[in-house]
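Reader: I've got a fold to go through and would like to talk it over. Could you take me through it step by step?

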Amino acid sequence: MPQSLAKVYLHIVFSTKNRISIIQDEVRPHAQAYFVQVGANLGSFTEEIFMMPDHIHWLCTLPRTITIADLVKNVKISSSIKYKELIHRDFEWQKGYGAFSVSQSKLQTVKRYIQNQKQHHQKLDFQAEYRRVSKVFGGMSN
């Protein structure tokens, strides 16, 4: 087979530095659009995205030419630079992240989960959510 093919879906989650609620509703559409564009420039297609004031959920494809770590690092660097202009001059992302594989059969479920973040977080804060998601995917619970 002379060509390489891959279709790997990831649900990537990370927070603002110190979980500061800095992403306001009025800038969220522009911030999300920029994030989607940065991902596309790296070869990643965004299936769904939602930014809460203190974190982001991004359902995307993993480009076959880069690692998960490089994808996350590059979108964080580029978006941080832009968000210093768009959101606040002190904007930063937290250093860590969660990246969870998503099967094709669960794609719609994860999309709905991301679309319903505002309602979801009326009951559960980011730390509790992240622990729960990590536990579901077999990660560490702290």
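Author: One term before we start: two strands count as paired if DSSP finds at least two bridges between them. Keep in mind, too, that this is a predicted model.

Reader: Fine. In what sense do S2 and S3 pair, and over how many bridges?

Author: Strand S3 covers residues 55-61, and its pairing with S2 is antiparallel. One spot to look at is Thr-46, which sits opposite Cys-60 in S3. As for the count of bridges between S2 and S3, the number is five.

Reader: And what is the order of the strands in the sheet?

Author: The sheet is open, it has four strands, and the pairing is antiparallel. Neighbouring strands are turned against each other by 15° on average, direction ignored. Read across, the order is S2-S3-S1-S4.

Reader: Which strands stand at the edges, and why is one side of each left without a neighbour?

Author: An edge strand here has a single partner strand, so one of its sides has no neighbour in the sheet. That applies to residues 46-51 and to residues 98-102. In strand names, those are S2 and S4.

Reader: Now the helices. What angle does the direction of H1 make with that of S2?

Author: H1 spans residues 28-41 and packs on the sheet, where it touches S1, S2 and S3. Its direction and that of S2 make an angle of about 145°.

Reader: Which strands does H2 touch?

Author: H2, residues 68-86, packs on the sheet as well, and its direction makes about 45° with that of S1. The strands it touches are S1, S2, S3 and S4.

Reader: Let's pick out Lys-118. Is it exposed, partly exposed or buried?

Author: Lys-118 belongs to helix H4, residues 117-120. Buried would need under 20% relative accessible area and exposed over 50%. Lys-118 comes in at 38%, so it counts as partly exposed.

Reader: How many residues apart in sequence are Lys-118 and Phe-50?

Author: Leaving out residues up to four places away in sequence, Lys-118 touches Asp-25, Arg-28, Phe-50 and Met-52. C-alpha to C-alpha, Lys-118 and Phe-50 are 9.2 Å apart. Along the sequence, their separation is 68 residues.

Note on methods:
Residues are numbered from 1 along each chain as its sequence is written. This is a predicted model: local features need pLDDT of at least 70, side-chain atom pairs count only at pLDDT 80 or more; totals for chains, interfaces and linings use all residues. Side-chain values use heavy atoms; hydrogens and water are left out. Helices (H or I, at least four residues) and strands (E, at least two) are DSSP runs, numbered from the N terminus. Buried means under 20% relative accessible area, exposed over 50%, partly exposed in between (1.4 Å probe, protein chains only). Contact means heavy atoms within 4.5 Å. Axes are lines fitted to C-alpha atoms, for helices over the stretch in contact, and angles run from 0 to 180 degrees between N-to-C directions.
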